[in-house]
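Subject: Structure handover

Hi,

Here is the structure for you to look at. Please open it first, then read my notes below.

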Amino acid sequence: MSATVDHGLAAPKIKGALRQRPPRGILRARAILYGILALVLVTVGLLLVVSVLFRVKGGVDLLVEIWPAYIVAALAYIAPRGYRDRKLWAFGLSLVIGFVLVVGAVVMSYLALVPGAMGGTAAGSAAPGASGAAASGAAASGAAATGAVATAAPAGSAAAASPLASGATGAATTASGTIDGNLAFGLITLALLFLAFGVPLLWGLIRERSFFLAAETRHPIKTAQEIEAETGGFAEITPVSASGSGDTAPALGLPSPVAIATGAVDPLVSVRGLKKHFPILGGILRRRVGTIYAVDGVDFDVYPGEVFSVVGESGCGKTTLGRTLLQLTPPTDGHVVFDGYELADVDPDDMRPLRRRMQIIFQDPFGSLNPRMPVSDIIGEGLLAQGVTNRKERDKRTGDALEVVGLRRDYSRRYPHEFSGGQRQRIGVARALALSPDFIVCDEPVSALDVSIQSQVLNLLLDLKRDFNLTYLFISHNLSVVEYFSDRIAVMYLGKIVEIGTVDELYRNPRHPYTVALLSAIPIADPRRRRSRLVLKGDVPSPAAPPSGCRFHTRCWLRERLGNPEICATEDPALRPMTGDAHHRAACHFAEQISESAVAETVETQDVVETAAAVE
Amino acid sequence: MTEVISADAPRGAPPERDILLDVRNLKTYFKVLDGVVPAVDGVSFSLRRGQTLGIVGESGSGKSVTAMTIMRLLDIPPAQIDPASEVWFDGREILGLPMDQMRRIRGNEMAMIFQEPLTSLNPVFTVGDQIAEQVALHKKVGKKAAWDRAIESLTLVGIPNPERRVKQYPHEMSGGMRQRVMIAMALSCEPKLLIADEPTTALDVTIQAQILELLKTIQQRTDSALVLITHDLGVVAEMVDNVIVMYTGEVVEQGTVEEVLVEPRAPYTMGLLESIPSVEKRGGRLSAIKGVVPSPFNLPPACRFEPRCPYHWERCRTVPPELYLSGPSGRRARCHLHTPEGAGRWPAALEAHRRALATGRELPVHDATPGDA
């Protein structure tokens, strides 16, 4: 099923791949190791405070006594560093720490539960100091494992610290050969925690071995620094002279079809076979009971300087496509190549320099701005994440961005509720723009706005595109806006692209029955052009159970007209080039049967009231 | 086409028989902490039996409040209806009717379709219960007959398997299906007047097409009058006979749909039409109405559109414009351009409008005005 690479697109040129997203076991190991570190530090701090403030005798001695804990803590600090660079020694180090934890747990439990063993150990051990040290080290590090819990639930950290203290004390007393009930209790607690956390850590590390041992991938792997160096640091945006130099109508920058065909222009974004499936969880055990095929195999190229639009009804996966493309949700399958870098399941840390260059503007200007943050923080957050730590510098860039989108610089101290819908959307645009990106995903940026405000924001987007050489992926359900705004359009239906082409081709000469119906459904604000519409039957089927064969066949008027041919229900049509233009492609078995007369006849015979008779 | 404005029947006298709904100088205010919001500020229109009227405006223009006032669905207080306002429905003045009599009319002779079918249907009753309740109440029929009527009206709106669907809850249906249920509910008592408040705004284009065609067919079949409230000029163009355009609680323009959309006379309507994106404007900028709708607490003193109007002059800041007659058959526009004083400016304005429609208009790049905060 997967092998059909018949999307008619050239293989994207790839400069380099990024390192892969760390597997879950590694992330968990990282968290636990940092937990250990945190707990040791807290313990030492507490011990210091207690012994100095309250003049507890032997307090400082205790600090010396638990020296193995320092070693464990240092290792716990070093190992995650090693993960970052995929070093094998980091894996080994983790194993050692895990081993110490588990062995420590066993020894301690034994000591605690079998009173007789205590004396035996103290007496029988050839090196009491060493055994005590091992025990105390295990105690410290073991209690540190509770740190992993503590990081999950900060409230528990105080509670976790006290058994640690008692554990450490216990370990100290072990050396001197005495024991009490508290000690036993503390040790049993520790032992249980080891079983709960030490074992999964080890198991996770063993399972994710491949993370370290993986051979070189197909492409050279680049680090964040290398990418940063290759793509250049990020420039400040300068407010363009707001002259509005009227006559320079923005040449909509679609590279000529010839340039695309000969490969003269490399696409900025290439998407190949992109899939995003969401699990439907059900039952008490939250098991996977189904799958939503939100995006199910999508291929397209976006060329620099163009506006590429994705249209479709709600639930067709256009928003998910935008988010998956930006790696805001990891894709289930498929590749995204952005400016030559392959972004499939990459490490979020390494994504950062590329993240800056690909931004998103969200649909809902009321929901996408944090009501508790002033505008300066909303816009500055991205800058901070990109390493602009200087407050003044950040404020300057924030102000610049605000000015560029037509707001006043001093608005940056205000909160989102003080702005109208159109102004909020401008703030959303400023947030994306502050990082001087190359590529912006506009996810329905105007659908929540009134008509008069909508055109203001569309104008702004076009101006910015011209002034900053932006490329847009424009997601919308409004076909009139898309027709005005874009260079090329992809029509999506239930997670797949059913037709793709330039605006002119698609609107003048639609080659998929769904596109025809969509275009026919646009209400036109001119009573002189009142016409009958082609009305589709029923609703969009659920993306959890897409129809077999062609996904549109349950609502297709063309299929009905042709006498319900079998092939529509059995075979998924490929997105094939239409005659005349190689870049106009449609996924329909009978694309050639579409003509104006066919549409007109269908319109005449349709029964409007019965059109709800959907396939259920 | 018949005129939109009533034949100026004397105050307190019923309109002629042919006119189903006659709204005269309707004013609805909201008293809130910050002051008084004039949500509807002197709206008049009338609607003949079997006709369709479109009310167009942006959010906050008072179109929904107009509908709610006619249906008497507003809580008083905070809402206040000016005592001089009159709404004549089918020969009766309904603003002064006692509540129990109003209840007999509402849902029975006039019904409303709301914008969000999910929030306006009760989630804990089946759709059949909700429709049958209304039928049983108004038509004084038994449970069985009401239930049958519910199934019948679901069939009327084209819901497949009505016998099964009638026992389902709203959440089991899709958005388009729920909107069909809303329409079925509104139609179940065969009302003379149907008010649809943004019936398709929450729906996808293909579903919107279904619902609009359905409304059209049903209106023809039952010969009821329809008030369609929307912000979408495209929907208006396809559905209605007459249009009123509202801005900040006032009517700024009215006329037949051909008159208003093809030859707009109020600058606000002209701006709305210019700002619709179209193929012809590709490559150029869209002409946008600059600025934002003024805050209801801080309305401009004279013409409320003046701060955003490209054609304004000093008279617009001093004299509040009336609804001037600018053509035959009850065609009106609230703009000084249609007074003798402004007549000289009108040709230039019309020329600018034509140009903007054809190509999009060049406006300053940074056309956002400082906030209304």
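Start with a definition: two strands pair if DSSP finds at least two bridges between them. Strands (E, at least two residues) and helices (H or I, at least four) are DSSP runs, numbered from the N terminus.

This is a predicted model, where local features need pLDDT of at least 70, side-chain atom pairs count only at pLDDT 80 or more, and totals for chains, interfaces and linings use all residues. Residues are numbered from 1 along each chain as its sequence is written, chains are lettered from A and ligands numbered from 1 in the order in which they are written, and side-chain values use heavy atoms, with hydrogens and water left out.

The sheet in chain B

B:Leu53 has B:Asn242 in E10(B) as its bridge partner. Strands E3 (52-56) and E10 (242-247) of chain B run parallel, joined by 4 bridges. They belong to an open, mixed sheet of 8 strands, in the order E7-E8-E9-E3-E10-E11-E13-E12. Its edge strands are E7 (110-113) and E12 (324-325) of chain B.

Aromatic pairs

Rings of Phe, Tyr and Trp (its six-membered ring) pair if their centres lie within 6.5 Å; planes under 30 degrees apart count as stacked, over 60 as edge-to-face, the rest as tilted. The whole structure holds 11 aromatic pairs. One is stacked: A:Phe300 and A:Phe308, 4.8 Å centre to centre, with 15° between the planes. A:Phe300 is buried (under 20% relative accessible area; exposed is over 50%, partly exposed in between; 1.4 Å probe, protein chains only). A:Phe308 is buried too, at 0%.

Best wishes
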